[in-house]
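Here are my notes on this model. Please read them with the structure open.

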Amino acid sequence: MRNRIAQLIPKKLRPQATLAVSSFVLGVIFLGSWLTAAGKHLLHPSYVSAGVLVLFFLGVGCILSSLCLVYAMIEHSITTDQGAEDEDADSAVDILRKQYAAGAITDEEFKRRLNTLLQSEDTDQREQAESPAFEDVVNRPASADAPSTAELNTDQSR
């Protein structure tokens with residue numbers, strides 16, 4: 001179970017995730033201690049000591065800090081996911097360069113694989129440039145050669 005959860009979190013964000021979970025658990029412990037010490041009076045100033053109030057503020061602070069960490073991790077993952085396709089292409093070339101530097105592949109094999117990678121990247125870019133966006137197809141005005149809606153309705157009524 002732990003491995004499944006760990007796979008969901010990128011390696012770069014695991015320390016922050018650990019800190020967020022730890023902070024949240026610590027906040028729950030502080031708030032539990034506050035509830036136990038305060039009893040039925042909770043935050044009434046004449047019945048609650050300063051130590052009990054400190055427990056409350058520590059608990060709330062820990063939980064709020066963990067929520068801020070989670071928000072920061074989500075924002076970070078959103079901004080890094082937008083450039084993920086570029087990173088994949090770069091990482092394939094980087095892997096190839098590392099294999100070549102380690103001597104795992106020959107000069108000819110390196111050149112052949114690099115050309116294959118670059119050609120597939122060019123093909124992907126051409127396909128994206130050639131395919132019109134959905135909005136362009138929907139909002140495109142009808143050509144002069146195409147029959148109008150009125151002509152089509154007249155043909156159907158005959």
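A salt bridge here is a side-chain nitrogen of Lys or Arg within 4 Å of a carboxyl oxygen of Asp or Glu. The model is predicted: local features need pLDDT of at least 70, side-chain atom pairs count only at pLDDT 80 or more, and totals for chains, interfaces and linings use all residues. Residues are numbered from 1 along each chain as its sequence is written, and side-chain values use heavy atoms, with hydrogens and water left out.

1. The structure has two salt bridges. Glutamate 109 pairs with arginine 112 at 2.5 Å, N to O. Glutamate 109 also pairs with arginine 113, at 2.8 Å, N to O. Together, Glu109, Arg112 and Arg113 form a salt-bridge network.

2. Where do glutamate 109 and arginine 112 lie? Both are in helix 5 (residues 107-130), three residues apart. Helices are DSSP runs (H or I, at least four residues), numbered from the N terminus. Arginine 113 and glutamate 109 are four residues apart in helix 5. An α-helix has 3.6 residues a turn, so residues three or four places apart point the same way.

3. Glutamate 109 is partly exposed, at 21% relative accessible area. Arginine 113 is also partly exposed, at 30%. The classes are buried (under 20%), exposed (over 50%) and partly exposed in between, with a 1.4 Å probe and protein chains only.

4. Helix 2 (residues 14-38) has 25 residues, and its end C-alpha atoms are 36 Å apart. Glycine 39 follows helix 2, with a positive phi near 65°.

Notes
Helix = DSSP H or I, 4+ residues; strand = E, 2+ residues; numbered from the N terminus. Expected span 1.5 Å × (residues − 1).
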